[in-house]
Amino acid sequence: MIKLERVNKSFQNGKPAVSDVSFEVNTGETLVLLGTSGSGKTTTLRMINRLIAPDSGKIYVNGEAVTTQETTALRRNIGYVLQDNGLFPHYTVAENIGIVPGLLKWDKKRIEERTRALMEKLHLPAAEYYDAYPQQLSGGQQQRVGLARALAADPPVLLMDEPFGALDPVTRASVRKEFRSLDEISNKTVIMVTHDVQEAFQLGDRICLMDKGTIQQTGTPAELLFSPANEFVINFFQEQRLLLELNAVRLSAICTLLPTDHVVEKASPILPEDASCWDALEQMTTLAVPVYYSFDDKLIRIDSAALMQAFTQYKQTISSNGRSTRLS
Amino acid sequence: MEDQPGFPEFVQQQAGKLLEQTLQHIGLTFISLLIAVVIGVPLGILITRRKKLAGSILGIAGVLQTIPSIALLGFMIPLLGIGAKPAIVALFLYALLPIIRNTYTGILQVDPTVIDAATGMGMSQRQLLLKVQLPLAMPVILAGIRTATVINVGVATLAAYIAAGGLGEFIFGGIALNNTNMILAGAIPAALLAILFDAGVARLQKLRMRSVKTALYILPFLLLILSSFYLIPAAYGSSLVAGFTPEFMGRKDGNLGLKQVYGLNMRTVVISDMIMYKAAYEKTLDVISGSSTDGRVKAFDLQVLEDDKHIFPPYYAAPIVRQATLDKYPELAPALNKLSGIINDSVMTELNYRVDHLKQDPALVAGDFLKAKGLLQPARKGAKGTVVIGAKIFGDGYILANMYKLLVNGYTDLEAVTKTGLGGTKICFDALTNGQIDLYPEYTGTGLLVILQADKSVIDTLIADKQKVYDYVSEAFMQQYQIRWLPPIGFNNTYALMMRKQQATELHITSISDLKEYLQHH
């Protein structure tokens with residue numbers, strides 16, 4: 001659990017970097033700090049593990065103010081992933097992953113077991129990479145090692161500063177996917193910084209959109225899209241609005257609007273429960289077959305026309321319902 | 001003079017000495033390097049944290065680096081005397097800049113993301129330094145140590161000037177004696193050491209990261225072991241310490257003669273004659289190879305030991321003049337001879353003392369002396385002709401040339417001109433034979449050994465008798481060069497062993513044989 005209360009920070013020249021920022025992130029939740037460069041998102045992140053000291057305001061990690069904890073102990077309890085991975089070039093992959101457990105004085109056997117387990121989970125075969133040096137790895141592999149390193153001591157909190165920013169689009173998509181499916185993060189409080197809107201929508205349970213050091217809006221992806229707090233929020237997503245909306249709206253939200261005359265007994269492929277409209281469209285267009293979705297113990301066949309109709313209807317409903325309605 | 005043996009024979013003969021000097025050289029290099037690493041690396045680390053200090057500390061180290069090495073050694077002597085201490089300090093100061101600078105830049109160039117990651121993961125300052133910054137800066141720091149090592153191997157040759165030993169002893173001895181083999185015997189090992197250590201540290205730089213960690217632990221021990229080489233040669237030796245000039249060390253009428261004729265074996269360091277007397281006075285040295293009429297003998301209250309077995313050839317000073325000039329101006333010889341037999345050793349020492357130590361003008365000293373002897377006459381300002389009087393760059397020459405000038409001006413109608421500072425014997429003598437000068441004061445021993453380069457058999461029959469030497473050179477010079485030796489002035493400026501007067505009296509030593517006796521029993 002992380003909580004920020006009215007946090008302020010100015011640059012050395014007196015210009016505010018972060019003004020009056022407050023938010024709360026619960027255990028198991030991922031909050032994405034989204035914004036352009038200079039919006040104060042990285043500064044906000046670095047204040048949580050005290051790499052930067054705030055001028056005013058309070059920051060709590062797991063219910064305790066960060067200033068009352070010993071800095072090194074605090075940081076060892078917070079996983080930290082950087083954009084340029086920051087791996088130690090003079091340490092092997094295994095040594096890199098074992099840094100924090102080592103600082104926490106785990107015994108050697110435990111560190112090795114943990115390292116091997118994490119490497120398997122992140123698709124880094126230990127046989128091949130355990131004793132390799134970071135420079136022998138590809139960018140995607142390095143970033144996975146960086147992630148493994150942050151997770152090594154199983155910290156309750158994970159801070160990620162543009163973790164996939166330095167990767168090419170293809171690698172980024174695959175590493176992102178892996179990250180999303182990682183069971184390790186399901187019980188953690190995660191805060192991630194990015195300027196990539198799609199990434200924010202894909203990974204964030206909630207998104208905190210920042211501009212010029214202040215929070216413009218904090219909410220779920222759908223809230224940001226369908227009930228924007230101000231002009232800035234509307235304009236920020238304008239360019240990719242349709243794509244984002246299709247991504248933000250889950251089938252579970254519109255299934256009541258889907259025609260129910262296509263109930264079948266047995267079929268494939270069946271979309272996962274949390275699939276979005278976008279996922280459904282993607283499946284249909286790539287496989288060129290109808291897709292199925294399980295709802296109310298019934299399997300419904302969905303075709304593109306029906307889907308788009310339901311989606312349109314849904315949008316109209318929520319616009320007329322007013323902006324503050326909680327969605328998805 | 002004797003034929004020089006070939007280089008391999010020379011090395012074989014001097015193997016013991018060569019090994020000792022090499023060990024000393026390695027020791028000097030690495031003691032200073034060790035201190036420079038111990039002080040330079042932490043300083044480099046400090047200035048990465050206190051950036052305000054960086055400018056001034058790097059500036060000071062940079063200025064130290066620009067001081068010429070021989071001058072730096074010179075500065076050290078008043079502070080630390082002679083021997084290993086000032087040499088090590090000077091070498092240390094030279095090694096400092098590359099080590100501080102490379103530590104500083106090495107640490108600053110560590111990827112900031114890595115530092116950020118390390119800090120963010122909860123490393124303390126100390127862990128950050130030891131686990132991240134130093135290992136990653138190590139190749140750059142090692143490059144600095146490598147530079148410092150090579151500088152030190154080179155500069156350490158100069159340590160021989162201040163009695164700190166090392167391969168410089170051979171190099172400077174060889175230069176003084178014009179002995180190529182000796183120069184090479186010092187220069188080649190010194191160059192090899194530089195190449196060897198350079199390659200060694202370069203290898204260390206290229207080691208894989210994991211091995212670097214091991215190397216980090218080994219390095220200090222290695223430095224310590226290499227440093228201790230310096231102490232090995234010093235572990236044996238006699239109760240009294242002698243300091244000889246590089247030239248004296250290699251001369252037959254020097255240290256070699258002392259060993260052969262007197263059987264004198266004592267712990268010996270090599271030292272520049274410029275600081276030798278003072279070192280004896282300050283009790284750093286007990287016995288030195290001085291020049292018997294040097295002003296500093298008086299200044300530092302030293303006593304010349306009697307050469308009772310006559311190994312030092314007589315170096316009686318006398319004016320040597322072109323016969324052509326004497327024929328042209330017959331009145332010249334009587335004027336010059338006024339000085340004959342007037343100046344004995346102690347008088348010459350006194351005169352040198354006034355010039356060298358009291359810094360009086362040689363012309364003034366010459367004038368005062370002639371006045372006291374009743375020999376000074378006002379210049380006649382004659383215009384019959386010009387006589388050019390030469391003098392070597394050192395010691396007695398200046399004063400004698402000035403005396404002759406006054407005598408020629410006062411007793412003849414000739415006009416005397418002095419041309420002093422003519423480098424060494426060879427330059428002076430060439431100027432005389434070429435007619436660029438008409439006369440200069442020379443020593444009988446130099447005439448015999450350096451100019452005539454008489455056969456060994458001839459030298460052996462003459463050397464103990466000052467009259468025989470004078471007769472031989474007079475005759476030979478006239479025959480070969482048409483140059484006349486006028487009667488000797490009286491003093492004998494020869495090599496001499498000398499000790500502090502007080503110590504000599506306490507130990508009842510008045511001659512070299514006494515010294516040998518004493519050393520045998522102590």
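Helices here are DSSP runs of at least four residues, numbered from the N terminus. With that in hand, take one helix end. H21(B) is followed by B:Gly435, whose phi is positive, near 85°. The model is a predicted one.

Stay with this helix for a moment. H21 of chain B covers residues 425-433, and its buried residues are B:Cys428, B:Phe429 and B:Leu432. Seen down the axis of H21(B), these buried residues fall within an arc of 90°, so they line one face of the helix.

Helix H13 spans residues 255-262, and its buried residues are B:Asn255, B:Gly257 and B:Leu258. Down the axis of H13(B), they fall within an arc of 155°, so they line one face of the helix. They pack against strand S1 (241-244), helix H12 (246-250) and strand S2 (267-270) of chain B. After H13(B) comes B:Gly263. Its phi is positive, near 65°.

Now step back to the whole of chain B. The chain has 522 residues, and 49% of them count as buried. It holds 26 helices and 10 strands. Its C-alpha trace spans about 100 × 55 × 45 Å along the principal axes. Consider the contacts in chain B with a separation of 6 or more. Residues 24 or more positions apart account for 79% of them.

How is chain B divided into domains? The assignment gives domain 1 (7-234), domain 2 (241-308 + 496-521) and domain 3 (317-493). The C-alpha centres of domain 1 and domain 2 of chain B lie 34 Å apart. Their contact takes 16 residues from domain 1 of chain B and 14 residues from domain 2 of chain B. On the domain 1 side, helix H8 (residues 168-177) of chain B gives the most, with five residues. That side divides into 10 nonpolar residues, five polar and one charged.

Next, look at a helix pair in chain B. Two packed helices are described by the angle between their axes and the distance between the axes. The pair is helix H2 (residues 15-49) and helix H5 (residues 84-108) of chain B. Their axes come within 7 Å and cross at roughly 35°. The crossing of H2(B) and H5(B) is right-handed. By class, their contact has 21 nonpolar and five polar residues, and no charged ones.

Chain B also meets chain A. Here 14 residues of chain B are in contact with 16 residues of chain A. Which elements of chain B give two or more residues to this side? They are helix H6 (112-120) and helix H7 (125-155) of chain B. The largest share comes from H6(B), with six residues. The chain B side divides into eight nonpolar residues, five polar and one charged.

B:Thr113 is found in helix H6 of chain B. It touches A:Leu82, A:Asp84 and A:Gly86. Is B:Thr113 buried or partly exposed? It counts as partly exposed, because it has 14 C-beta neighbours inside 10 Å. B:Thr113 and B:Ala156 are 43 residues apart in sequence, and their C-alpha atoms are 42 Å apart in space.

Finish in chain A. This chain is divided into domain 1 (2-239) and domain 2 (249-321). The C-alpha centres of these two domains of chain A lie 33 Å apart.

Two lysines of chain A deserve a look at their backbone. Most residues other than glycine have a negative phi. A:Lys105 has a positive phi, near 65°. A:Lys105 sits in the loop between helix H4 (99-103) and helix H5 (108-121) of chain A. It counts as exposed, because it has 7 C-beta neighbours inside 10 Å. A:Lys212 also has a positive phi, near 50°. Its place is in the loop between strand S9 (206-211) and strand S10 (214-219) of chain A. With 16 C-beta neighbours inside 10 Å, A:Lys212 counts as partly exposed.

Note on methods
Residues numbered from 1 in each chain as written. Chains lettered and ligands numbered in written order. Predicted model: local features only at pLDDT ≥ 70, side-chain atom pairs only at ≥ 80, totals over all residues. Axes fitted to C-alpha atoms, helices over the stretch in contact; angles between N-to-C directions. Left-handed = near helix turned anticlockwise from the far one by under 90°. Nonpolar A, V, L, I, M, F, W, Y, C, P; charged D, E, K, R; others polar. Contact = placed C-beta atoms within 7 Å. Buried ≥ 20, exposed ≤ 12 C-beta atoms within 10 Å, placed from the backbone. Arc of directions from axis to C-beta. Domains from an automatic or database assignment. Lists of a residue's contacts leave out its neighbours within four places in sequence.
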